Amino acid sequence: MKKLATLILASAAATLSVPAMAQFAKAEDAIKYRQNALFVMQQNFARVAAMAAGRAPFDAKVAAESAEVAAFVSKLPWAAFGDGTDKGATTKAKAEIWSDKAKFNDYAEKLQAEMNKLNAAAKTGNLDSIKAAVSATSGSCKTCHDAFRS
């Protein structure tokens with residue numbers, strides 16, 4: 001898990017150093033990139049959420065590692081919502097992302113803030129703190145999905 005997290009973090013750091021849309025040869029590449037980043041974020045968040053809900057045994061180390069990866073990856077998908085990436089056979093993104101970009105960006109920033117709070121809570125190893133942070137983070141995800149995902 002630690003090697004995978006390190007690989008993901010290193011790859012993401014390299015990606016972040018490139019100007020936003022310059023890294024994508026075509027719109028479909030951007031769509032795949034953001035979907036994969038969101039998938040990795042969701043998988044790591046889900047691990048922590050399952051522990052918080054009692055659906056998985058609590059492991060403070062795994063929770064901290066997963067929350068750290070989710071918080072880092074929460075910074076990545078937004079650059080891939082550029083012009084021309086609103087259409088595609090595989091996207092569930094609503095047109096409102098591009099017509100109300102300010103609101104979408106605000107939701108993205110709120111998600112990142114909640115992921116950072118979850119990361120901080122997970123580092124404490126305190127399950128009650130993690131539960132509260134999972135709830136807030138989940139609410140942030142739902143708010144954005146309700147508004148911007150079909």
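1. Is the crossing of H3 and H5 left-handed or right-handed? The crossing is left-handed, a term used when the near helix is turned anticlockwise from the far one by less than a right angle, with clockwise giving right-handed. This is a predicted model, in which local features need pLDDT of at least 70 and side-chain atom pairs count only at pLDDT 80 or more, while totals for chains, interfaces and linings use all residues. Residues are numbered from 1 along each chain as its sequence is written, and side-chain values use heavy atoms, with hydrogens and water left out.

2. H3 and helix H5 (residues 101-124) pack with their axes 8 Å apart, at an angle of about 160 degrees, where axes are lines fitted to C-alpha atoms over the stretch in contact and angles run from 0 to 180 degrees between N-to-C directions. H3 is therefore roughly antiparallel to H5 (the term applies to angles over 145 degrees). On the H3 side the contact (heavy atoms within 4.5 Å) involves residues including Ala 60, Ala 63, Ala 64 and Ala 67, and on the H5 side Met 115, Leu 118 and Ala 122 are among them.

3. The buried residues include Glu 65, Ser 66 and Phe 72.

Key: Buried < 20%, exposed > 50% of the residue type's maximum accessible area, 1.4 Å probe, protein only. Helix = DSSP H or I, 4+ residues; strand = E, 2+ residues; numbered from the N terminus. Parallel < 35°, antiparallel > 145°, perpendicular 65-115°, else oblique.
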